[in-house]
Amino acid sequence: MLNRWTGCGRLVRDPELRSTTAGKAVASLTLAIDRDYKSEDGEKPTDFVDVVAWGPTASFCQKYLSKGRMVAVDGRLQSRKWTDKEGNKRTVVE
């Protein structure tokens, strides 16, 4: 099976760097990616994609990337499931 995703868009906010309990760096980013077509009202629909970077890549993102920068991402998709504070089941694809 092939699990590969490539996207190019602008950062919605500055990367958020944190570390795991084991000390590994993790960065969270959100990309705004415009679609290739315009809707009936003349606007291009935008998709917001959550991205997670690990290790040295996470540190690089935090150091060199900032809100509004155009970035290209190449990686794999992964889904996570969890239960929020209100007891609702949630799923996210990153």
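A residue counts as buried when its relative accessible area is under 20%, as exposed when over 50%, and as partly exposed in between, using a 1.4 Å probe on protein chains only. At 14% relative accessibility, Ser-28 therefore counts as buried. The model is predicted, so to speak of local features takes pLDDT of at least 70, and side-chain atom pairs need 80 or more, while totals for chains, interfaces and linings use all residues. Numbering starts from 1 along each chain as its sequence is written, and side-chain values use heavy atoms, with hydrogens and water left out.

Let's stay with Ser-28, which sits in strand E3; strands here are DSSP runs of E with at least two residues, and helices are runs of H or I with at least four, numbered from the N terminus. Beyond its neighbours within four places in sequence, Ser-28 is in contact (heavy atoms within 4.5 Å) with Arg-13, Pro-15, Glu-16, Arg-18 and Val-51.

Now turn to helix H1, residues 55–64, where Gly-55, Ala-58 and Cys-61 are buried. They lie on the same side of H1 because they cover an arc of only 115° around the axis, taken from the directions from the helix axis to the C-beta atoms. An α-helix has 3.6 residues a turn, so residues three or four places apart point the same way. Exposed Pro-56 and Lys-63 are on the face turned away from the buried side of H1. Strand E2 (16–19), strand E3 (25–34) and strand E4 (46–54) are among what covers the buried residues of H1.
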